[in-house]
Amino acid sequence: MKSKIIWISIALTGLMLMVALTATLFQKLREVYAGKPIFFHGETPTYRYSGKVLDDGNVLVSVYYLGNSETIQAYREANIQRNQVLLARREPQRVYVQVTFTHPVPVPEVRALVEETGFQVEDFLMVRRPREQRSWCIEATGNLIKPFCADAGFEGVMVLKGWVETTEQGLGRWIADDRVYMVDSVAVEIGELLTQKHADIVAGKQIVVSSEYPIWELDW
């Protein structure tokens, strides 16, 4: 009888050890995978995107054109339609956009339009020619008063990024300006798309969107 009790005790002890080891193993696995970045991706008819959760908890999403001049034109048309929808809602909201000009625009002209439309500048990109030696410079401070890129010989602004209200005086002015090639508002669509397809990843997080520059498709 005693030996039977002993064997039962040994079996129970072994079972408890196995449970404890299994729990420890799962905890270690959780710790390992918790430290790894979370990646996701997807595609729409006009662009593909990839994203990851950063160490600070924000979500960075990169948007890419699908490949050739025809798809870039389709991407541009999609933005035109989206911007018209935003204006038609008659519910002003501040949206993040990337404005691409048809040619380098002098800083004073861009600054005047920014002030007139209430555009909140995040950063901008300046360029210079001649064509065979075209180059660019990013003004990360968003300072249109005295940009260091201009001091370095870059002649005009080609891309402007920031926030603008979806009103005729705001977004509407940028859309109607002949100097503007595209007002890219894909960040609005990305925000809606991720909450539908990747809600478990982006819930409660700030989404930061970065899209390609179409300037190399333009003859400036």
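This section describes the fold, the surface and the salt bridges of a predicted protein model.

The protein has 220 residues, and 39% of them count as buried. Its secondary structure comprises 7 helices and 9 strands. Of the contacts with a separation of 6 or more, 70% join residues 24 or more positions apart. The accessible surface amounts to about 13000 Å². Carbon and sulfur atoms contribute 57% of that surface.

An open sheet is built from 4 strands. Their order is S1-S2-S3-S9, and the pairing is mixed. Strand S1 (39–43) and strand S9 (207–211) form the edges, each pairing on one side only. From one strand to the next, the twist averages 20°. Helix H6 (residues 186–197) packs on this sheet. The helix touches S1, S2, strand S3 (59–65) and S9. The direction of H6 makes about 65° with that of S2.

Strands of a sheet pair through backbone hydrogen bonds, in either a parallel or an antiparallel sense. The pairing of S1 with strand S2 (residues 47–53) is antiparallel and runs over 5 bridges. Within the sheet, Gly-42 stands opposite Tyr-49 in S2.

Helix H2 spans residues 69–88 and contains Thr-71. This threonine has a relative accessible area of 19%, so Thr-71 counts as buried, the limit being under 20%. Apart from its neighbours within four places in sequence, Thr-71 is in contact with Thr-46 and Leu-66.

The surface carries a nonpolar patch formed by Trp-136, Ile-138 and Trp-216. Together these three residues have about 310 Å² of accessible area. Trp-216 lies in the segment after S9. With a relative accessible area of 40%, Trp-216 is partly exposed.

Side chains of opposite charge can pair when their charged atoms come close. A search of the whole structure finds 7 salt bridges. One of them joins Glu-189 and Arg-82, with the closest N and O atoms 3.0 Å apart. Glu-189 belongs to helix H6 and Arg-82 to helix H2, so this pair ties together parts that are 107 residues apart in sequence. Glu-189 is partly exposed, at 28% relative accessible area. Arg-82 counts as buried, at 11%.

A salt bridge also forms between the side chains of Arg-173 and Glu-116, with an N to O distance of 2.6 Å. Here too, distant parts of the chain are linked: Arg-173 sits in helix H5 (residues 171–176) and Glu-116 in helix H3 (residues 107–117), 57 residues apart. Arg-173 is partly exposed, at 34% relative accessibility. Glu-116 is partly exposed as well, at 49%.

Asp-151 and Lys-146 provide a further side-chain salt bridge, at 3.8 Å from N to O. Asp-151 is exposed, with a relative accessible area of 55%. Lys-146 is likewise exposed, at 57%.

Key:
Residues are numbered from 1 along each chain as its sequence is written. This is a predicted model: local features need pLDDT of at least 70, side-chain atom pairs count only at pLDDT 80 or more; totals for chains, interfaces and linings use all residues. Side-chain values use heavy atoms; hydrogens and water are left out. Two strands pair if DSSP finds at least two bridges between them. Helices (H or I, at least four residues) and strands (E, at least two) are DSSP runs, numbered from the N terminus. Axes are lines fitted to C-alpha atoms, for helices over the stretch in contact, and angles run from 0 to 180 degrees between N-to-C directions. Contact means heavy atoms within 4.5 Å. Patches are made of residues with over 30% relative accessible area and no salt bridge: like charges are joined within 9 Å, nonpolar side chains (Val, Leu, Ile, Met, Phe, Trp, Tyr) within 5 Å. Accessible areas come from the Shrake-Rupley method with a 1.4 Å probe; for residues, only the protein chains shown count as cover. A salt bridge is a side-chain nitrogen of Lys or Arg within 4 Å of a carboxyl oxygen of Asp or Glu. Buried means under 20% relative accessible area, exposed over 50%, partly exposed in between (1.4 Å probe, protein chains only).
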